[in-house]
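Colleague: I am new to this structure. Can we go through it step by step?

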Amino acid sequence: MFLGLLLFCSNLVTSQELKAYERKAKAFIENVRNGRKDNIAATITYPFEREYPIPSIKNKAEFVKRYDEVFDEILKAEITKSVPQRDWKDMGWRGIELNKGNVWIDKTGALISVNYQSKFETRLKNKLIEAERFHLHASLTKYKAPLYLLETLKYRIRIDDMGNGNYRYASWPIKQKMSEAPEVVILDGVWIHDNNSMNHHFEFRKKGGFVYDCSIIEWGEAGSPPAKVMIYQNNKEVFSENAKIVVK
């Protein structure tokens, strides 16, 4: 009898947790359905990041202004037609996701991220990518897409997607401009996803036993930096600095 009661209580707790996440998803759906931009904007911890080189959204007023750039009719339809029990998934401490991560909210119902990209944002991204080429040193203007611009106390680091699973690392002393020749350029880098999280990093290998590691920290503990740059020589750490992700 005790075991049966224990199982009943366990199932009750699980059911209560499920209903709680469903309620948060439903509230978010209703905010989108009714165009409550201010309600959604009020939940966000800013800046609200968009894919580089699209500028991040700095505050509530800007979010409301750019809302339709992010939430186009396709994404709105996906959200409003979604069913919490079927299309939303509780991912534990990471939050609640819609359809494998197109939209993420946290346990309070606050919007964390939108990984979907509207046609407007796609056009804007492509326009910014082309404009950016004119501000780079001539040796760096060929790439498929820019991914990250990182800044540590000492260095500015650019990571580009070169296509076919290859990535390029370029760095300058922090006081130099990217129109100047980079101090270090490494090709044939690899992207590595960290298991069970949205964190990932890039590894670049250089002669002399050097490994340059650029970690992007999507999910970290309170106070974690958004990125970190580490350099190893023969498996020994010779450089480590926290980095910020720069969005123009």
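Modeller: Start with a term: a residue is buried when its relative accessible area is under 20%, and exposed when that area is over 50%. Keep in mind that this is a predicted model.

Colleague: Which residues of α6 are buried?
Modeller: Take the cut-off of under 20% relative accessible area. In α6, the buried residues are Glu121, Lys125, Ile129, Glu132 and Arg133.

Colleague: What covers the buried residues of α6?
Modeller: The cover includes a helix, α3 (60-70). It also includes two strands, β5 (145-151) and β6 (155-163).

Colleague: How far apart are the end C-alpha atoms of α6?
Modeller: Helix α6 has 15 residues, 119-133. At 1.5 Å a residue, they should span 21 Å. The model agrees with this, since the end C-alpha atoms are apart by 22 Å.

Colleague: Is glutamate 22 buried or exposed?
Modeller: Glutamate 22 belongs to helix α1. Its relative accessibility is 15%. The cut-off is under 20%. Therefore glutamate 22 counts as buried.

Colleague: Which residues does glutamate 22 touch, leaving out those up to four places away in sequence?
Modeller: Glutamate 22 and proline 84 are 62 residues apart in sequence. In space, their C-alpha atoms are 5.2 Å apart. With residues up to four places away in sequence not counted, glutamate 22 touches Pro84 and Gln85.

Colleague: Where is glycine 35, and what is its relative accessible area?
Modeller: Glycine 35 sits in the loop between α1 (2-33) and α2 (37-41). From there to leucine 75 is 40 residues in sequence and 13 Å in space, C-alpha to C-alpha. Glycine 35 counts as partly exposed because its relative accessible area is 42%.

Colleague: Which are the edge strands of the open sheet of four strands?
Modeller: The strand order is β1-β2-β3-β4, with antiparallel pairing. An edge strand pairs on one side only; here the edge strands are β1 (88-90) and β4 (111-114).

Colleague: Which residue of the hairpin of β3 and β4 takes a positive phi?
Modeller: β3 and β4 pair antiparallel over three bridges. Tryptophan 104 has serine 113 of β4 as its bridge partner. Five residues lie between the strands of the hairpin. The positive phi, near 95 degrees, belongs to glycine 109.

Colleague: Which element gives the most to the largest nonpolar core?
Modeller: The largest nonpolar core has 24 residues. Those with the most contacts inside it are Phe28, Phe63, Phe71, Ile79, Trp88 and Leu111. Elements giving two or more residues are α1, α2, α3, α4 (73-80), β2, β3 (103-105) and β4. With five residues, the element that gives the most is α1.

Colleague: Which residues does phenylalanine 28 touch, not counting those up to four places away in sequence?
Modeller: Phenylalanine 28 is among the residues with the most contacts inside the largest nonpolar core. Beyond four places in sequence, phenylalanine 28 touches Ile40, Phe71, Ile79, Trp88, Val103, Ile105 and Leu111.

Methods. Residues numbered from 1 in each chain as written. Predicted model: local features only at pLDDT ≥ 70, side-chain atom pairs only at ≥ 80, totals over all residues. Heavy atoms only, no water. Expected span 1.5 Å × (residues − 1). Buried < 20%, exposed > 50% of the residue type's maximum accessible area, 1.4 Å probe, protein only. Contact = heavy atoms within 4.5 Å. Pairing = 2+ DSSP bridges. Core = buried A, V, L, I, M, F, W, Y, C linked by side-chain atoms within 4.5 Å.
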